[in-house]
Every structure is written in C-alpha cells, then in structure tokens.
Amino acid sequence: MRTYIFMLLLSAVSSYGLTAWVSRLAAEHGWARRQGDGPEGTGTPRLGGVAVYLSIVCILVFLLLRGNQVTDRVVLESVRGLALLGATAAVFLLGLYDDLRGARPWQKLSVQLLAAVGLFAAGFRVEILSSPFTPQPFELGWLALPVTVLWLVSVSNAFNLIDGLDGLAAGVGLFASVSLFLLALFVGNVFTAAMSAMLAGALLGFLPHNFPPARIYLGDSGSLTIGLILASLAIFSSQKGPVLITVAIPLLIFGLPLLEVSVTTLRRLLSGHPLFRRDEEHLHHRLVKIGMAKQFAVLVLYGLAALFALSSMLLFNYTGAFAPVIALLCGVLAWLVIRQMQYPEFAELDAHVRLAVRSQPQVLRNQILIRKASSAFSGAVTRAELWASLEALLQQLEFSSAECELAARNTAGAPQWSWSCAAAKAVGAETPAAHWTMEIPLVFEGRWAGVLRLLRKLDQQTLLFRLSSLLELITGPFCARLAALAQAQPAGQVTEADVPGLATARAATATARR
C-alpha cells in the first residue's frame with residue numbers, strides 16, 4: 001500500500017511541476033491557441049495533456065528501475081503494458097497534433113480505431129458480459145472485437161466531450177481513477193492498481209492549474225489519452241478478477257462521461273446535426289444556459305460523478321438481489337438529470353412518444369380511410385360521386401368545410417363545389433378567424449384544373465393523420481380522376497349530376513337577371 005501512495009504522491013508532484021513548466025512555455029510561444037483566445041501569447045494553452053502523460057511515463061520508468069514487489073508484478077504484464085503505452089502514445093500524439101494544428105474527425109477516429117485494434121490484439125478484450133439482471137454470463141465470441149473497440153473509442157471520446165469547463169474532465173477522471181484503484185486493490189490486481197494510482201496522481205497535480213480560472217486546459221492530448229487509459233484498465237480488471245465482470249460496474253465508473261456521449265449522440269441524431277461537429281449543447285453547457293454559474297456547474301457534475309463511483313463500489317459489495325436495485329436507481333438518476341437539462345430534442349421526442357401512445361390507433365384508422373378513399377375515387381363515374389367520396393373522407397378527418405373551385409369550362413362560369421360539416425351549419429356562417437386554411441392547387445399533367453380549400457378549427461385536436469398522405473391523395477388520385485371525368489364529358493356540358501348544388505346556383509343566377 002505504501003508503494004501505491006508513494007506512486008500517487010510522486011506522480012502528483014511531478015505533474016504539478018511539469019504543468020507549470022508547460023503552461024509557461026506554451027503561453028510564451030502562443031501554442032495551441034484557437035480563435036477567440038486573444039492576441040499573440042495571451043491565449044489559454046491546451047497542452048495540459050503533455051504534462052499529465054509525461055508525468056505518468058516518467059514515474060513508471062522510475063519505479064521499474066527502482067524495483068520492488070509491486071513493480072516486479074507489473075513487469076509480468078510487460079507485453080500488455082507496452083501495448084497500452086504504444087496505443088496511448090499514438091492517441092496522445094494525435095491529440096497533440098489536433099491541439100496545435102487541428103485534425104479532421106476522420107483522422108482522429110482512424111487513429112483511435114487502430115489503437116483500439118492494437119490493444120485488442122495485445123489481449124485487452126471484452127469477451128464475457130453479464131449484468132445484475134442476468135444470472136448467466138454471455139460469451140461474445142466473434143463480437144468481442146467490435147465490442148472492445150466500441151468500448152475503448154467511446155470512453156476515450158466521452159472524456160473529450162466533457163472537457164468543456166475548467167477542471168471538469170480532470171476531476172471526473174480523478175474520480176474514475178480512484179474507483180478503479182480501490183476496486184483493483186480489493187482483488188489484488190496490481191497492474192490496474194499501479195496504473196490507476198499514477199493516473200490519479202497526475203490528475204491531482206494538474207487540477208490546481210486547471211481550476212477556474214484555468215491557466216491551462218487538458219486539450220485533446222489529455223482528454224483522449226486519459227479516457228483510453230481508463231477504458232483499457234477497466235477491461236484488464238475484468239480479465240483478472242471478478243471486479244468488473246458485470247456490465248454495470250464499468251458503466252457506473254464512467255457514468256458521467258458515457259452519459260454525455262450517449263446524450264450527445266442521440267441529440268445530434270434527432271436534430272440532424274453532424275455527429276462530429278462541435279456545438280455548445282453538452283451537459284455542462286446546458287447547466288450554464290439554465291442559469292447555473294460555471295463553478296457551481298462543475299461542482300454539481302463532480303457530485304454526479306462521485307455518486308456514480310460510489311454506486312460502482314456498492315454494486316461490487318452487493319452482488320445479490322440488491323444489485324439490480326442499485327443499477328435501476330442509477331438509471332433513474334441519469335434520466336432525471338437529462339430531464340433537468342431541458343433539451344428541446346428530448347422534449348419533442350417525449351411529446352412525440354406520448355402522442356403516439358395516446359393516438360396511434362386513431363391515426364392508423366384515419367390512414368386506412370385515406371388509403372380506401374383512393375379506391376373510391378377510382379370507382380367514381382361522375383364528378384358528383386367523386387366529390388361525395390372526398391366529402392365523406394374530410395368529414396371523418398374532422399375538417400370544418402371544403403370548397404372546390406374548378407377551371408371555367410363554359411360561358412355559364414366555373415362550377416363551384418362546397419361542403420360544410422353539420423356542426424358548422426348549425427351555428428351558421430363559418431368564422432374564418434377561428435380556422436386555419438389549406439389551399440391545394442389541382443394540377444394534372446401540368447395543366448391547372450382548379451383549387452381546393454380546406455378549413456379546420458384552430459381549437460381542434462392535433463391532426464390524427466399524416467397530412468402528407470392527404471396531400472398525396474388529393475394531388476394524385478383525386479386530380480387524376482377529376483381530369484379523366486372532365487375529358488369523358490363533352491365540352492360545355494356540365495350537368496346537375498356532375499356538380500352538387502348546380503341547379504340551385506343556376507336558379508339563383510336566373511332570378512338575379514330578372
């Protein structure tokens with residue numbers, strides 16, 4: 001235990017000194033600045049990952065040269081240790097290039113995938129999954145490769161996504177490192193405990209420089225590398241003992257970062273926003289937007305990360321009937337957090353789901369009516385029958401009235417079709433201000449045949465049918481049958497059977513002339 005404490009303290013001291021040196025050097029040379037940081041040399045450096053990574057490597061080399069029982073057991077895992085060092089070095093250099101010059105999303109993802117595949121080849125593999133809800137473990141087989149790669153890349157990017165407020169990513173990484181250290185210590189996993197202690201110390205030494213107002217940021221070189229190290233150690237722990245055999249424990253250790261990446265991915269898919277384009281809608285951004293001070297937002301997220309870490313400890317100690325309760329409570333906590341963020345994407349999704357559950361049977365019935373109306377239009381032998389079929393459909397879809405103005409066909413003027421529902425007739429004339437109107441041009445084969453106007457009450461319930469389906473019906477089968485009936489009737493012959501109300505209209509016209 002004394003060796004672990006010595007590793008943590010030595011790593012913290014070296015990280016503190018290296019961070020101060022890198023911060024001063026980067027500020028003097030104007031490195032890793034981005035637009036909005038200020039004039040030359042006044043920006044906040046984004047090279048904190050350099051200090052953290054160098055601190056871990058230096059302490060690891062020092063301890064291996066010094067030699068004791070802990071380092072001797074770490075040497076036994078030299079193959080996997082070298083693989084982890086090589087993979088993290090590749091991701092670290094990628095992040096450093098991104099901080100200095102800027103890398104494209106596909107470049108970053110390609111290097112991360114290669115690093116993950118290399119770790120898989122070296123033996124970092126997720127081969128068995130189980131959970132508090134399933135008594136029997138599930139062997140992945142050939143799925144081990146995609147699941148391992150997905151885990152490594154997701155956790156690495158998750159820490160990158162939460163690196164948006166001073167001290168946030170480093171603090172959450174510290175909670176995760178301590179959790180992994182304690183769990184590995186309980187089962188005697190020396191490699192994971194040693195690496196976790198060094199990483200925790202490096203982050204502990206970096207944090208004083210990163211607390212608000214930050215003098216240096218982790219940058220991609222830090223956040224991506226920290227995420228990859230922690231994700232790899234979680235896999236290694238699952239292979240060396242029962243600490244992380246269940247799915248729930250690693251998910252809880254990285255609860256906040258994984259919640260961030262899940263919310264970001266789903267939110268961008270719902271809104272159509274590109275997955276790899278930066279935005280200002282992450283969890284920490286939302287806390288600030290709803291009125292929380294930045295420093296307090298960081299403390300709130302620290303508390304959330306601590307709760308997830310504590311839950312992983314409880315889940316490790318209570319693997320019986322109480323384990324599903326812990327997992328469910330954490331899921332409820334995550335759901336409550338997202339609800340409080342007031343994301344418009346999730347508010348709309350919630351409203352959509354509620355409406356679908358409540359009204360889907362009626363929507364289905366109305367869609368069937370629209371589909372049947374197409375057959376009724378095809379069977380109409382007169383324009384009166386065609387209008388009657390449309391009138392019956394509109395009444396069932398709860399429109400208030402409809403009016404169809406056809407193109408002029410004779411000297412008597414254009415025939416006019418109109419319909420109003422019984423309720424509208426009972427109250428007298430329609431009040432246009434209480435309705436919304438939809439005007440649909442009737443065009444067939446490029447020729448204008450008229451216009452159809454539909455009215456519906458403003459206080460009517462939500463449309464329980466797809467409006468696009470109705471538009472397709474009217475502009476398609478209705479227009480086609482209307483044109484066919486017009487061509488079948490000799491020009492100038494519009495009969496009372498063709499147009500409802502035509503006799504009344506002609507009588508009124510004759511009376512007016514007299």
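**Contacts, cores and helix packing**

Biologist: With which residues is Phe 159 in contact, leaving aside its neighbours within four places in sequence?

Modeller: Phe 159 touches Ala 169, Val 172, Gly 173, Ala 176, Ser 223, Ile 226, Gly 227, Leu 230, Phe 254 and Pro 257, its neighbours within four places in sequence being left aside. Contact here means heavy atoms within 4.5 Å. This is a predicted model, in which local features need pLDDT of at least 70 and side-chain atom pairs count only at pLDDT 80 or more, while totals for chains, interfaces and linings use all residues. Residues are numbered from 1 along each chain as its sequence is written, and side-chain values use heavy atoms, with hydrogens and water left out.

Biologist: What makes a set of residues a nonpolar core, and which have the most contacts inside the largest one?

Modeller: The set must consist of buried Ala, Val, Leu, Ile, Met, Phe, Trp, Tyr and Cys residues, joined through side-chain atoms within 4.5 Å. The largest such core has 103 residues, and Trp 151, Phe 159 and Phe 254 have the most contacts inside it. Helix 8 supplies the largest share of this core, 13 residues. Another core lies apart from it, with 29 residues, including Ala 373, Trp 419, Leu 470 and Leu 485.

Biologist: Why is Arg 481 called partly exposed?

Modeller: Buried means under 20% relative accessible area and exposed over 50%, with partly exposed in between (1.4 Å probe, protein chains only). Arg 481 has a relative accessible area of 23%, so Arg 481 is partly exposed. Arg 481 belongs to helix 18 (residues 467-488). Beyond its neighbours within four places in sequence, Arg 481 is in contact with Phe 377, Ser 378, Ala 380, Val 381 and Leu 386. Arg 481 and Val 381 are 100 residues apart along the chain, yet their C-alpha atoms are separated by 9.2 Å. In the protein chain, 46% of the 514 residues are buried.

Biologist: How many helices and strands does the protein chain have?

Modeller: The protein chain has 19 helices and 6 strands. These are DSSP runs numbered from the N terminus: helices are H or I with at least four residues, and strands are E with at least two.

Biologist: Why are helix 2 and helix 8 called oblique to each other?

Modeller: Helix 2 (residues 48-66) and helix 8 (residues 190-210) pack at about 140°, their axes being 9 Å apart. Axes are lines fitted to C-alpha atoms, for helices over the stretch in contact, and angles run from 0 to 180 degrees between N-to-C directions. Angles under 35 degrees count as roughly parallel, over 145 as roughly antiparallel, 65 to 115 as roughly perpendicular and the rest as oblique. Helix 2 and helix 8 are therefore oblique.
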